[in-house]
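Please examine the sequence and the structure shown below. The paragraphs that follow lead through the strands, the helices and the aromatic rings in turn.

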Amino acid sequence: MSKHQFDTKVIHAGVQRGFQERKTGAVNPPIYQSSTFHQDQLNQFGPFDYSRSGNPTRELVEETIAVLENGYKGFAFASGMAAISSAFLLLESGDHVVITKDVYGGTFRFVSQLLTQFSVDHTFVDMTNIEEIEKAIQPNTKVIYIETPANPLLQVTDIRAVVALAKANNALTFLDNTFMTPLYQNPLDLGVDIVLHSATKFLSGHSDIIAGLAVTNDEELAKKLQFAQNTFGAILGAHDSFTLLQGMKTLETRLEKSTKSATQIAEILANHDAIEKVYYPGLASHKGHDIHFSQATSGGAVLSFLLDEKIDSNRFVEQLELPVFAVSLGAVESILSHPATMSHAAMPPHERQARGIDDRLFRLSVGIENVDDLIEDLQQALKQAALVKNA
Ligand SMILES: *Cc1c(COP(=O)(O)O)cnc(C)c1O
């Protein structure tokens with residue numbers, strides 16, 4: 001399998017690792033909508049017994065993500081948060097986590113409000129600053145948690161440097177790879193211990209399901225993750241496993257187009273007088289651009305931009321015809337979101353300001369629409385929004 005390129009593996013991964021619908025030869029995997037499996041004899045167990053512990057459709061997703069991330073074993077969960085939370089269940093009371101302050105809001109809430117109930121402590125750090133991470137490490141630090149590029153300003157963390165720091169301190173590294181996907185960034189190859197995904201985003205790609213994935217290269221960690229998955233029980237159902245598999249097959253086709261468009265849009269906005277600043281790892285001017293391209297192969301399909309003060313934000317949103325205005329990202333349709341009132345609404349205004357999450361900041365996840373139509377739509381909305389305020 002490894003001799004093949006990504007776009008071949010994404011189509012054939014699960015099948016090559018041993019899956020084949022033997023009875024019928026069906027090309028698409030059957031949705032094994034069965035909670036339990038017949039056992040032939042008293043002491044003879046088949047490959048599956050109960051779908052929380054294992055389900056053939058789910059197993060195919062798990063094999064596929066393992067192949068794509070160059071991992072040993074993958075696990076599919078009911079949501080990105082279920083995958084992330086289950087990985088944190090590997091910790092014990094008294095342990096400590098060092099985590100990026102720019103982490104996804106749900107992870108921020110899990111670590112700061114739920115893990116603390118089980119006496120697992122944490123320190124939030126600026127992960128673009130290696131010295132700050134080093135200072136935050138304690139004798140009981142067991143996990144360093146990375147998200148790169150992070151949300152919503154696409155801040156870049158040096159994966160190799162954090163992995164080296166973690167290894168020197170006997171800590172594990174977890175990395176949320178949602179924004180890059182295995183197409184553009186393979187953190188296990190850089191020494192990361194557990195890679196996590198919200199498969200709700202680019203991997204499924206159609207704004208249709210909520211799903212999460214975890215992958216590891218280590219047999220011991222795989223055993224622990226399997227135990228957590230089966231015991232905590234936040235598994236991905238057979239139907240959604242099928243939907244995710246279908247989505248993943250077109251990941252490369254979708255994401256390559258979206259990325260090409262995102263690059264074009266970022267360049268236009270960076271030179272637009274209605275825009276104060278553009279955040280996109282694909283721009284040479286982006287902070288962390290060089291580090292990003294030393295560990296990933298593309299800038300991806302998500303960018304953020306700060307409207308100039310002379311642009312009316314409400315009017316801009318109202319005037320846009322194409323992008324849906326919603327939370328989430330990574331779909332065939334372009335999605336525009338407003339971090340200050342959506343993903344970071346729970347954060348006090350001064351905390352938001354300190355992180356550069358201004359009320360004039362928008363995040364655009366570029367879909368697969370025609371790029372000229374998207375650009376024209378953005379141009380006309382910016383123009384209309386400027387007119388009103390000047391009038
Ligand atoms: C959406 C998202 C999550 C959470 O995933 P769900 O599937 O919504 O539970 C985690 N991390 C990142 C970076 C995300 O964008």
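This is a predicted model: local features need pLDDT of at least 70, side-chain atom pairs count only at pLDDT 80 or more; totals for chains, interfaces and linings use all residues.

**Strands, helices and rings**

Lysine 73 stands opposite threonine 216, a residue of strand 7. Strand 1 and strand 7 are joined by 5 bridges and pair in the antiparallel sense. Strand 7 also pairs with strand 6, again through 5 bridges, and these two strands run antiparallel. One example of this second pairing is serine 198, whose bridge partner in strand 7 is glycine 212.

How many of the residues of strand 7 are buried? Of its 5 residues, 5 are buried, and the strand is therefore described as mostly covered; the cut-off for burial is a relative accessible area under 20%. Both faces of the strand are covered. Gly212, Ala214 and Thr216 are buried on one side, while Leu213 and Val215 are buried on the other.

An open sheet of 7 strands has the order 1-7-6-5-4-2-3, and its pairing is mixed. Strand 1 (73-77) and strand 3 stand at the edges of this sheet, and each has a single partner strand, so one side of each is left without a neighbour in the sheet. From one strand to the next, the twist averages 20°. Parallel pairing is found here as well: strand 2 (residues 96-100) and strand 4 (residues 141-147) run parallel and are joined by 4 bridges. Within this pairing, valine 97 has valine 143 of strand 4 as its bridge partner.

Helix 8 (residues 219-232) lies across strand 1, strand 5, strand 6 (194-198) and strand 7 (212-216), and it runs at about 20° to strand 1.

Aspartate 193 is found in the loop between helix 7 (181-184) and strand 6. Is aspartate 193 buried or exposed? Its relative accessible area is 16%, so aspartate 193 counts as buried, the limit being under 20%. Residues up to four places away in sequence aside, aspartate 193 touches Lys167, Ala171, Leu172, Thr173, Leu188, Val215, Thr216, Asn217 and Leu221. Two of these contacts, Val215 and Thr216, are among the buried residues of strand 7. Aspartate 193 and methionine 342 are 149 residues apart in sequence, and their C-alpha atoms are 31 Å apart in space.

Strand 10 and strand 11 (residues 335-337) run parallel and are joined by 2 bridges. In this pairing, phenylalanine 325 stands opposite leucine 336 of strand 11.

Helix 10 has 20 residues and reaches 27 Å from its first C-alpha to its last, which is close to the 28 Å expected at 1.5 Å a residue. Its buried residues are Leu251, Arg254, Leu255, Ser258, Thr259, Ser261, Ala262, Ile265, Ala266 and Leu269. An α-helix has 3.6 residues a turn, so residues three or four places apart point the same way.

The last topic is the aromatic rings. A pair of such rings is described by the distance of the centres and the angle of the planes. A search of the whole structure finds 8 aromatic pairs. In one of them, phenylalanine 88 and phenylalanine 174 are tilted, with 5.8 Å from centre to centre and 55° between the planes. Phenylalanine 88 lies in helix 3 (residues 80-88) and phenylalanine 174 in strand 5 (residues 172-176), so this pair ties together parts that are 86 residues apart in sequence. Phenylalanine 88 counts as buried at 1% relative accessibility, and phenylalanine 174 is buried at 0%. Another pair, phenylalanine 108 and phenylalanine 124, is stacked, at 4.7 Å centre to centre and 20° between the planes. Phenylalanine 108 is partly exposed, with a relative accessible area of 27%, and phenylalanine 124 is partly exposed at 24%. Phe88, Phe110, Tyr145 and Phe174 form one aromatic cluster.

Notes. Residues are numbered from 1 along each chain as its sequence is written. Side-chain values use heavy atoms; hydrogens and water are left out. Rings of Phe, Tyr and Trp (its six-membered ring) pair if their centres lie within 6.5 Å; planes under 30 degrees apart count as stacked, over 60 as edge-to-face and the rest as tilted. Buried means under 20% relative accessible area, exposed over 50%, partly exposed in between (1.4 Å probe, protein chains only). Two strands pair if DSSP finds at least two bridges between them. Axes are lines fitted to C-alpha atoms, for helices over the stretch in contact, and angles run from 0 to 180 degrees between N-to-C directions. Contact means heavy atoms within 4.5 Å. The expected span of a helix is 1.5 Å times one less than its number of residues.
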